[in-house]
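Dear colleague,

I am passing on the structure we talked about, and below it you will find what came out of going through it. Please read the notes with the coordinates open beside them.

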Amino acid sequence: MTTALITGSTAGIGAAFARRLAADGHNLVLVARDTARLTEQATELHDRHGIEAEVLTADLATDPGIEAVAARLGDRKDPVDLLVNNAGFGNKGRFLDVSMADELRMIKVHVEAVLRLTSAATAAMRERGRGGVVNVASVAAFVPRGTYGASKAWVVQFTQGAARDLAGSGVRLMALCPGFVRTEFHQRAGMGTDNIPNWMWLDADKLVAAALTDLAHGKTLSIPDPRYKALMGLVKVTPRGLLGGITSKTGRKYGPQ
């Protein structure tokens, strides 16, 4: 049986990955900050699917948290075959309305942790000649929308670049770019969602199924829904200056309230 490590596993997209991978027979290493929720999740997945679910409490906004997860990924005796870098969060407010401490914390989780954990995982995977990494980004990576979008743009560029460098090694890397997904994400950030049209919402379980299919097909970028594929196609042909104005207005309409 193979083992998958999922950061931010207790809610949202991370929980959907855990459910799907457990149902497919993978053992799991579940990573989040809340030990009680992790333990409850591990017990439920073990009882339902008969897999082994290891709990690793870690805050990826801290060096000790990142180091603990990196050490687990580098364990050659009990290897991890799939890493899902899912941990992340949003900040409510425009630039200069958000504290610098919160902005730097976002960079720590979305950029530094992804870099260090991907490095730890792929080094071990390359030695074995197999493995996979899914780095969860966002369609916000493709539009100019502040620190969150910028950090997710870094995830996309980094993942695709690393995938090219590791081509032929047996290690696959993919950036996953969802749109709006019904999770705890917006609630935790204090963001209202009543103004977001129903058609823009995605189902986390369907998203994960599409993402895993894309990974199996060797894709380095996954936008797992036709609606968002079409929107991102329009983004590509829209002049950057015009796009900045559109996304600013759209962000005020559909973004944090």
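Predicted model: local features only at pLDDT ≥ 70, side-chain atom pairs only at ≥ 80, totals over all residues.

As for the geometry, two packed helices are described by the angle between their axes and the distance between the axes. Here α1 covers residues 12–23 and α2 covers residues 35–49, and the two pack at an angle of about 25 degrees with their axes 10 Å apart. Because angles under 35 degrees count as roughly parallel, α1 is taken to run roughly parallel to α2.

Turning to the aromatic side chains, a search of the whole structure gives 1 aromatic pair. The pair consists of W154 and F158, which are stacked, with 4.7 Å from centre to centre and 5 degrees between the planes. Both residues belong to helix α5 (residues 146–165), and since they are 4 residues apart in that helix, about one helical turn separates W154 from F158. W154 has a relative accessibility of 28%, so that this residue counts as partly exposed.

Two further positions, A137 and N85, may be taken together: they are 52 residues apart in sequence, while their C-alpha atoms are 9.1 Å apart in space.

A137 is placed in the loop between β5 (131–136) and α5, and its relative accessibility of 3% means that A137 counts as buried, the limit being under 20%. Leaving aside residues up to four places away in sequence, A137 touches K152, V155, V156, L176, C177 and P178.

N85, for its part, lies in strand β4, which spans residues 82–85. With a relative accessibility of 4%, N85 therefore also counts as buried. Again leaving aside residues up to four places away in sequence, the residues that N85 touches are T7, V114, L117, T118, V133, V134, N135 and V136.

Definitions and conventions. Residues numbered from 1 in each chain as written. Heavy atoms only, no water. Axes fitted to C-alpha atoms, helices over the stretch in contact; angles between N-to-C directions. Parallel < 35°, antiparallel > 145°, perpendicular 65-115°, else oblique. Phe/Tyr/Trp six-rings, centres within 6.5 Å; stacked < 30°, edge-to-face > 60°. Buried < 20%, exposed > 50% of the residue type's maximum accessible area, 1.4 Å probe, protein only. Contact = heavy atoms within 4.5 Å.
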